[in-house]
Amino acid sequence: MTKTQKQFDKVLRVNLTRACEEIKDELSEFSWLTHEIDLSKPTTSLKLSCYFKDQFALEQATKNQDTQLVKNIISKKLASIDLTVKKFIFSADNI
């Protein structure tokens with residue numbers, strides 16, 4: 001990883017952490033998120049996985065369009081670093 005990639009990765013993680021905390025403040029049934037990215041081509045490779053506490057919470061979030069709220073919060077945070085998510089995945093936290 002180059003120095004520039006390391007710096008970008010750090011900024012990305014900070015923004016995703018802030019987004020996650022904001023989502024958790026808005027939606028009590030939201031658990032966590034994780035990401036995959038190819039730092040050599042970040043603008044075309046970012047994939048986010050967003051997890052709700054259980055299957056029921058995921059179904060309710062989908063029904064109530066809370067998944068759109070999650071997308072909006074994340075997109076707003078990432079806009080500050082000129083990055084967009086190419087793929088969102090919503091799942092239930094089965095741990």
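I began with the aromatic cluster. Phe30, Phe52, Phe88 and Phe90 make up one such cluster. I kept in mind that this is a predicted model.

Next I took the ring pairs. I found 4 aromatic pairs. One of them is Phe30 with Phe52, an edge-to-face pair. I then checked where the two rings sit in the chain. Phe30 belongs to strand 1 (residues 30-36) and Phe52 to strand 2 (residues 47-52), so this pair links parts 22 residues apart in sequence.

The cut-off for buried is under 20%.

I looked at Trp32 and Tyr51 next. Their ring centres are 4.1 Å apart and their planes are at 10°, so I noted the pair as stacked. Planes under 30 degrees apart count as stacked. Trp32 is in strand 1 and Tyr51 in strand 2, so this pair also ties together two parts of the chain, 19 residues apart in sequence. How accessible are Trp32 and Tyr51? Trp32 is partly exposed, at 30% relative accessibility. Tyr51 is at 18%, which puts Tyr51 among the buried residues.

Then I turned to the nonpolar core. In soluble globular proteins, nonpolar side chains tend to be buried together. The largest core here holds 23 residues. Which of its members touch the most others? They are Ile23, Phe30, Leu33, Phe52, Val70, Ile74 and Leu78. Two or more core residues come from each of helix 1 (3-26), strand 1, strand 2, helix 2 (55-63) and helix 3 (66-79). Helix 1 gives the largest share, 5 residues.

That sent me to helix 1. It has 24 residues. From first C-alpha to last it reaches 35 Å, close to the 34 Å expected. Its buried residues are Gln5, Asp9, Leu12, Asn15, Leu16, Ala19, Cys20 and Ile23. An α-helix has 3.6 residues a turn, so residues three or four places apart point the same way. What covers the buried residues of helix 1? The cover includes strand 1, strand 2 and helix 3.

Methods. Residues are numbered from 1 along each chain as its sequence is written. This is a predicted model: local features need pLDDT of at least 70, side-chain atom pairs count only at pLDDT 80 or more; totals for chains, interfaces and linings use all residues. Side-chain values use heavy atoms; hydrogens and water are left out. Rings of Phe, Tyr and Trp (its six-membered ring) pair if their centres lie within 6.5 Å; planes under 30 degrees apart count as stacked, over 60 as edge-to-face and the rest as tilted. Helices (H or I, at least four residues) and strands (E, at least two) are DSSP runs, numbered from the N terminus. Buried means under 20% relative accessible area, exposed over 50%, partly exposed in between (1.4 Å probe, protein chains only). A nonpolar core is a set of buried Ala, Val, Leu, Ile, Met, Phe, Trp, Tyr and Cys residues joined through side-chain atoms within 4.5 Å. The expected span of a helix is 1.5 Å times one less than its number of residues. Contact means heavy atoms within 4.5 Å.
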